[in-house]
Amino acid sequence: MAKRDYYEVLGISKGAVEVEIKKAYRKMAVKFHPDKNPDDASAEEKFKEAAEAYEVLSNADKKARYDQYGHAGMSGAGGFGGGGGGMNMDDIFSQFGDIFGGSRGGGGFGGGFGGGGRRVNKGSNLRVRVKLNLEEVANGVTKKLKVNKYVSCEKCTGTGAEDGKMDTCHTCGGRGQVNRVMNTPLGQMQTSSTCPSCSGQGQTIAHKCTKCYGDGIVKGEEVIEVKIPAGVGNDMQLSVRGKGNAGAKGGIPGDLIVLVEEEEHALLKRDGTDLHYELYVSFIDAALGTSVEVPTIEGKARIKIDAGTQSGKLLRLRGKGLPDLDYGRKGDILVHTNVWIPKKLSKDEMKTLEQLQDSENFKPDPGKGEKSFFDKMKDHFH
């Protein structure tokens with residue numbers, strides 16, 4: 001099923017500012033919160049959908065990519081997601097719960113906490129650069145990346161405990177938070193704060209793992225297969241959910257941010273989905289007409305140069321450019337014709353040309369149908 005527009009999901013316009021986006025998300029999240037809609041699968045999906053939209057629109061970089069490329073710019077193919085399509089509830093409460101305050105288990109909504117108000121550790125994101133040539137940009141490509149990162153400790157299965165056993169925190173009783181009653185001139189006031197004994201985990205470790213020293217994560221590496229969709233652009237960022245650093249003590253892993261670095265092609269210059277090629281022909285071929293080969297992404301294509309072709313004439317190979325990231329439509333290859341004037345001539349060549357110098361057909365005589373360089377550029381950009 002096609003994803004709904006993120007602005008539509010939150011009920012806001014494209015011009016909405018940060019405070020409006022946050023307010024709209026809070027309204028949707030409160031309305032469809034699982035605690036208010038128990039056992040309602042439809043409400044849970046809408047809750048996740050709102051979180052996905054907020055994750056993108058509340059981030060300036062992601063919002064800019066979404067505004068330019070739509071969902072394809074965020075997710076592309078093969079599981080990319082600048083949004084929260086792959087989120088579970090712990091993801092959402094860990095990342096966005098802070099806009100509500102309080103804790104999920106206490107009738108409010110938890111920020112950085114899972115069920116019952118316990119803090120959920122979130123691994124940090126990782127960034128890698130991937131170089132792509134023009135052919136890979138045109139067709140899409142799968143890259144295997146060896147990434148150095150924090151991974152879950154195998155010895156303790158990520159718990160941080162030597163024997164894999166965690167004890168319920170005696171200070172907070174496993175809630176991850178402690179309550180304190182304060183006397184004020186207006187009466188008693190109850191406040192909640194992160195438990196100092198377990199740092200909000202709700203559990204403590206009696207015997208720390210000797211390999212990870214109780215963190216549940218160790219340095220390692222992973223080969224990650226990244227599918228990059230056709231039509232990506234230079235400096236575009238793609239997010240692979242859950243492939244960043246592992247979260248401490250069984251927490252949620254971060255994401256792998258893939259930054260696209262496009263290699264310059266030797267002959268073709270990119271302009272959005274169009275490609276430009278500078279073609280040089282001799283003035284004899286331009287006068288008599290000929291056919292020449294020009295490079296394309298797939299190989300070579302032969303095009304006809306009409307007799308009397310002028311320098312600056314633009315020839316177009318339709319559909320031979322790059323695909324649009326959103327819609328898949330391909331741009332064109334624009335061939336710019338340059339008539340080459342020789343810089344050195346032999347005596348015989350000079351004599352031949354001198355004989356033609358006074359010929360009427362060799363004298364410039366632009367007709368009304370001939371366009372100036374300025375007019376040609378104006379036509380191209382309009």
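**Exercise 1. Decide whether K31 is buried or exposed, and find the patch to which K31 belongs.**

*Solution.* K31 has a relative accessibility of 54% in this predicted model, so K31 counts as exposed, given that exposed means over 50% relative accessible area, buried under 20%, and partly exposed in between, with a 1.4 Å probe and protein chains only. On the surface, K23, K27, K31 and K46 gather in a patch of positive charge; patches are made of residues with over 30% relative accessible area and no salt bridge, like charges being joined within 9 Å. Helix α2, residues 18–32, gives the most to this patch, with three residues.

Before going on, note that residues are numbered from 1 along each chain as its sequence is written. Because the model is predicted, local features need pLDDT of at least 70 and side-chain atom pairs count only at pLDDT 80 or more, whereas totals for chains, interfaces and linings use all residues, and side-chain values use heavy atoms, with hydrogens and water left out.

**Exercise 2. Work out which parts of the chain the salt bridge between R241 and D255 ties together, and whether the two residues are buried or exposed.**

*Solution.* A salt bridge is a side-chain nitrogen of Lys or Arg within 4 Å of a carboxyl oxygen of Asp or Glu, and in the pair R241 and D255 the closest N and O atoms are 3.7 Å apart. Both residues lie in the loop between β8 (237–240) and β9 (256–262), so the pair ties together parts that are 14 residues apart in sequence. As for accessibility, R241 is buried, and so is D255.

**Exercise 3. State how many salt bridges the protein has, and characterise the one between E162 and K155.**

*Solution.* The count comes to 22 salt bridges. In the one between E162 and K155, the closest N and O atoms are 3.2 Å apart; E162 is partly exposed at 30% relative accessibility, and K155 is partly exposed with a relative accessible area of 43%.

Terms used:
Helices (H or I, at least four residues) and strands (E, at least two) are DSSP runs, numbered from the N terminus. Patches are made of residues with over 30% relative accessible area and no salt bridge: like charges are joined within 9 Å, nonpolar side chains (Val, Leu, Ile, Met, Phe, Trp, Tyr) within 5 Å. Accessible areas come from the Shrake-Rupley method with a 1.4 Å probe; for residues, only the protein chains shown count as cover. Lys and Arg count as positive and Asp and Glu as negative; His and the chain ends are not counted. The place of a charge is taken as NZ of Lys, CZ of Arg, CG of Asp or CD of Glu.
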